[in-house]
Amino acid sequence: MRETQPVFFDQKMQAWHVFRYADVERVLSDHTAFSSDQNRFMPEEYRDANPFTLSIIRMDPPRHHQLRRLVSQAFTPRRVAQMEARITEITNALLDQVIAKGEMDVIQDLATPLPITVIAELLGIPTEQREQFKQWSDAFISGDGEATAEDQQASIQAAGSMAAYFTQLFEERRAHPQDDLISALLQAEVDGERLSNEELIGFCVLLLVAGNETTTNLIGNAILCLDEYPESMELLRANRNLVPGALEEALRYHSPVKLLPRWSVSETMIGDQHIEAGQVLLTWIHSANRDETQFPDADQFLIEREPNRHLGFGRGIHFCLGAPLARLEAKIALNAMLDRLPGSWNVPDEPLSLVKNMSTFGVKKLPLV
Ligand code: HEM
């Protein structure tokens, strides 16, 4: 498609697909021409049913700018770096169980529980609520574009339950602040303004939803890449300094986020296609990250690729706020696996089932033999 129909109108979806790196990068970088706020272009009855619509990922400036500054005060690189020892501890405890069991499913045993535990601890959610959060988060995600009416209903219910729970937790933290992200969010201020209750909920839900499945998929997809390219695994075992580069390459080669939506603010051209105001654009990260004009040997997984300007964390003002945390978790997980699971890890030669979701890419199970 990049060659033949790089900007393609899909009649069924009533949306433009954008495939080339240069076009995807332009759309994501130009937030004045391409909006993230679907509410601006939706009929009244479809608005605000979902906490995502109130979170920064679906906002345009100036509100996006104000809220990003606010939440950045609480979600600081220092807070993330402070988690390093704890992430290592959680990872090792999970691998202890794997070693005791004598078998491993990367998704179930490490890649799923690690990010959910980390974000729950960062936010300050009590241990006994964490399994419930995983269920809410899964039900919420399963209501996306390809979902059945039943999944959509469950998704709305999960969002409601999460919102009610958070509202109660905010009250508790207002009365008794602790050293956690929720207490920091409640206190963060820009120009004398604080986050509203809805904005706080939107942000917490976004962290749970945007941060968990994506990080699970990064860890799983990295193992898939290494299985496909065993020589990379040898390189990593010989030189651990290559681990961060290998993870960047996994973010390019099998990016956890497949596509990002945008809405055209006014009439414009992309390539030789005329886009009308208010139309949906689906920018394909997966395609852009394999664009030969940007990445020589784009279909090869090369852990020493330099430069690697992949779009796995997006581009522009919405660039992933959790990227340092995701990179840290994945680095610790991969290093711990290399340290503690010597010998070869092979993915069985059976078809793997993919996560059923239009915008993310990962596998449901990843057993190693
Ligand atoms: C935004 C990917 C992990 C929080 C984004 C965007 C992408 C992305 C592509 C841009 C969305 C857009 O432009 O519409 C990923 C991937 C991850 C990951 C691939 C894991 C490998 C995390 C984590 C957190 C997080 C761990 C937090 C705990 C956010 C937030 C935004 C965001 C808050 C919205 C930023 C804004 O709108 O200004 N992420 N993410 N992400 N991500 Fe991540």
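Before anything else, I noted how elements get their names: helices (H or I, at least four residues) and strands (E, at least two) are DSSP runs, numbered from the N terminus. Residues are numbered from 1 along each chain as its sequence is written. This is a predicted model, where local features need pLDDT of at least 70 and side-chain atom pairs count only at pLDDT 80 or more, while totals for chains, interfaces and linings use all residues.

**Cis bonds.** I looked up Pro307 and found it in the loop between helix H13 (285-288) and H14. Another cis bond runs from Pro61 to Pro62, with omega near 5°. I placed Pro62 in the loop between strand E3 (34-35) and helix H2 (63-74). I jotted a reminder that most peptide bonds are trans, and most residues other than glycine have a negative phi.

**Positive phi.** Asp297 is not a glycine, yet its phi is positive, about 50°. Asp297 also sits in the loop between H13 and H14. Gln14 has a positive phi too, about 55°, and I found it in the loop between strand E1 (7-10) and strand E2 (15-18). Gln14 counts as exposed, with 9 C-beta neighbours inside 10 Å; the cut-off for exposed is 12 or fewer other C-beta atoms within 10 Å, with C-beta atoms placed from the backbone.

How values were computed. Buried ≥ 20, exposed ≤ 12 C-beta atoms within 10 Å, placed from the backbone.
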